[in-house]
Amino acid sequence: MEFLKDLIGFIKARRKWWLLPVLFVLLITGLIIVFAGGSPFFPLIYPVF
């Protein structure tokens, strides 16, 4: 949790608002990879990478 506080503080202090969509996409991609293991849709994820 400390990492998230530091990251949010960095974004606010440095006005790096463009980092928010990048972090959101990385989070969604990670969740897809974690929850798609063993899923019939997993082969459809390979072309993304």
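**Fold and helix packing**

Along the sequence, the protein chain reads α-α-α. This is a predicted model, in which local features need pLDDT of at least 70, side-chain atom pairs count only at pLDDT 80 or more, and totals for chains, interfaces and linings use all residues. Residues are numbered from 1 along each chain as its sequence is written, and side-chain values use heavy atoms, with hydrogens and water left out.

Q: How many helices does the protein chain have?
A: Helices (H or I, at least four residues) and strands (E, at least two) are DSSP runs, numbered from the N terminus. The protein chain has zero strands, and its helices number three.

Q: Are α1 and α2 roughly parallel or antiparallel to each other?
A: Axes are lines fitted to C-alpha atoms, for helices over the stretch in contact, and angles run from 0 to 180 degrees between N-to-C directions. The axes of α1 (residues 2-14) and α2 (residues 19-35) come within 11 Å and cross at roughly 150 degrees. Angles under 35 degrees count as roughly parallel, over 145 as roughly antiparallel, 65 to 115 as roughly perpendicular and the rest as oblique. The two helices α1 and α2 are therefore roughly antiparallel.

Q: Which residues in α2 meet Leu7, Phe10 and Ile11 in α1?
A: Contact means heavy atoms within 4.5 Å. On the α1 side are Leu7, Phe10 and Ile11, and they meet α2 at Leu19, Leu20 and Leu23.

Q: Is arginine 15 buried or exposed?
A: Arginine 15 lies in the loop between α1 and α2, and has a positive phi of about 60 degrees although it is not a glycine. Buried means under 20% relative accessible area, exposed over 50%, partly exposed in between (1.4 Å probe, protein chains only). With a relative accessible area of 60%, arginine 15 is exposed.
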